[in-house]
Amino acid sequence: MWNRRIRITAEVRNNITAYILISPAVILITLIGVIPIINSFLYSFQHYLLTDPQDIHFIGLENYITLFKDQNFYYSLWNTMRFTVMSVALELIVGFIGAFMMNKVTRVVGVVRTAVLIPWAIPGIIISYMFSYMFNDQLSVINQILITLNVIDSNITWLADKNWAMFAVVIADTWKQFPYVALMLLAGLEVIPVELYESAEVDGAGKIRQFFSITLPNIQPVLLVVLLFRTMGAVRIFDIVYGMTGGGPANSTSTLVLMAYKYLFGDLNFGLGSAMSSIVFIIILIFSIFYISVLKPKE
């Protein structure tokens, strides 16, 4: 009995110590994460105009009804979903290629991985201006390369053409984000035992069969994390779109977050802006639940 009491006391003491150590992080996350989300959700049910701060009152679902009646909301929703699917898919493809290539490198591994990180470290707004020049209809290096290769006959107005603007934005975002995807996937590849591939080759399995039967199942937890973080980032895309197109031409690249920004800082309408932010949060939550339910490793 005495030994059991001592053991319980020690466990309680260890738990208290652990709670004390993590409490600063919990408090910080609550202050900068949880409370703003709750406030934004509450603001979405209010008439909240900074131009009329004396007239803040509860209006129920009126902000959401206003958004659902606005045709621009559906344009932005469609653009956001289109951008998310295109960018995440392209980043996964390029990331897998980069991860496999880096996994084969045996020399100067540290230099290669550091160099790959450079695009990811550059701020998104800087990248948006870089690619704005690269896709410029008069000075575009992209146009010059395509004309030299006889792919096109004349310059394409990438950022002024609603059929090409989203493509240009996706390319810019992919260039920035693929290093994160590649390094995460590389970390998953490095823990797969080489013996599994050797056994598969002995059994006559080709590279494609090895990829689907060995690689994908073993990197599934890493793939879940990559998809979660990149989907959240894609749904919340702002800086690259804002810098390259500003949502144009003709709202063809306008996204939900860009629309929320215009409500919040253009119209100073915190009610509508908060409603839009809440919708973005719900979309991210739906994606997260879907990914976890599909890709969560089986016990």
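Analyst: Start with what a helix is here. Helices are DSSP runs of at least four residues, numbered from the N terminus. Keep in mind that this is a predicted model.

User: Which helix gives the largest share of the nonpolar patch?

Analyst: Helix H6, residues 124-134, with 5 residues. The patch on the surface is formed by Ile 125, Ile 126, Tyr 129, Met 130, Tyr 133, Trp 175 and Tyr 242. Together they have about 680 Å² of accessible area.

User: Take Tyr 133. Is Tyr 133 buried or exposed?

Analyst: Exposed means over 50% relative accessible area. Tyr 133 is found in helix H6. Its relative accessibility is 58%, so Tyr 133 counts as exposed.

User: And Ile 214, buried or exposed?

Analyst: Buried means under 20%. Ile 214 has 9% relative accessibility, so Ile 214 counts as buried. This residue lies in helix H10, residues 207-218.

User: What is Ile 214 in contact with, beyond its neighbours within four places in sequence?

Analyst: Contact means heavy atoms within 4.5 Å. The partners are Ile 192, Leu 196, Tyr 197, Ala 200 and Arg 209. For a C-alpha separation, take Val 170: 44 residues from Ile 214 along the chain, and 30 Å away.

User: How do I read the record on transmembrane regions?

Analyst: Read the annotation, then check the model over that range. The unreviewed UniProt entry annotates "transmembrane region" at several ranges, including 21-43 and 209-229. Over residues 21-43 the chain is 100% helix and 0% strand, with end C-alpha atoms 34 Å apart. Residues 209-229 come out at 95% helix and 0% strand, and their end C-alpha atoms are 28 Å apart.

User: Now the rings. How many aromatic pairs does the structure hold?

Analyst: Ring centres must lie within 6.5 Å to pair. The structure holds 23 aromatic pairs. One of them is Phe 238 with Tyr 261, tilted, at 5.0 Å centre to centre and 50 degrees between the planes. That pair links distant parts of the chain, 23 residues apart: Phe 238 sits in the loop between helix H11 and helix H12, Tyr 261 in helix H13. Phe 238 counts as partly exposed at 23% relative accessibility. Tyr 261 also counts as partly exposed, at 30%.

User: Why is the pair of Tyr 261 and Phe 265 tilted?

Analyst: Their planes are at 40 degrees, with ring centres 5.4 Å apart, so the pair is tilted. Both residues lie in helix H13, 4 residues apart, about one turn of the helix. Phe 265 is exposed, with a relative accessible area of 57%.

User: Which residues form the aromatic cluster?

Analyst: Phe 131, Phe 135, Trp 158, Trp 164, Phe 167 and Trp 175.

Methods: Residues numbered from 1 in each chain as written. Predicted model: local features only at pLDDT ≥ 70, side-chain atom pairs only at ≥ 80, totals over all residues. Heavy atoms only, no water. UniProt positions renumbered as here; feature names shortened; annotations may be inferred. Helix = DSSP H or I, 4+ residues; strand = E, 2+ residues; numbered from the N terminus. Patch = residues over 30% accessible without salt bridge, like charges linked within 9 Å, V, L, I, M, F, W, Y side chains within 5 Å. Areas by Shrake-Rupley, 256 points an atom, 1.4 Å probe, with all protein chains shown as cover. Salt bridge = Lys/Arg side-chain N within 4 Å of Asp/Glu carboxyl O. Buried < 20%, exposed > 50% of the residue type's maximum accessible area, 1.4 Å probe, protein only. Phe/Tyr/Trp six-rings, centres within 6.5 Å; stacked < 30°, edge-to-face > 60°.
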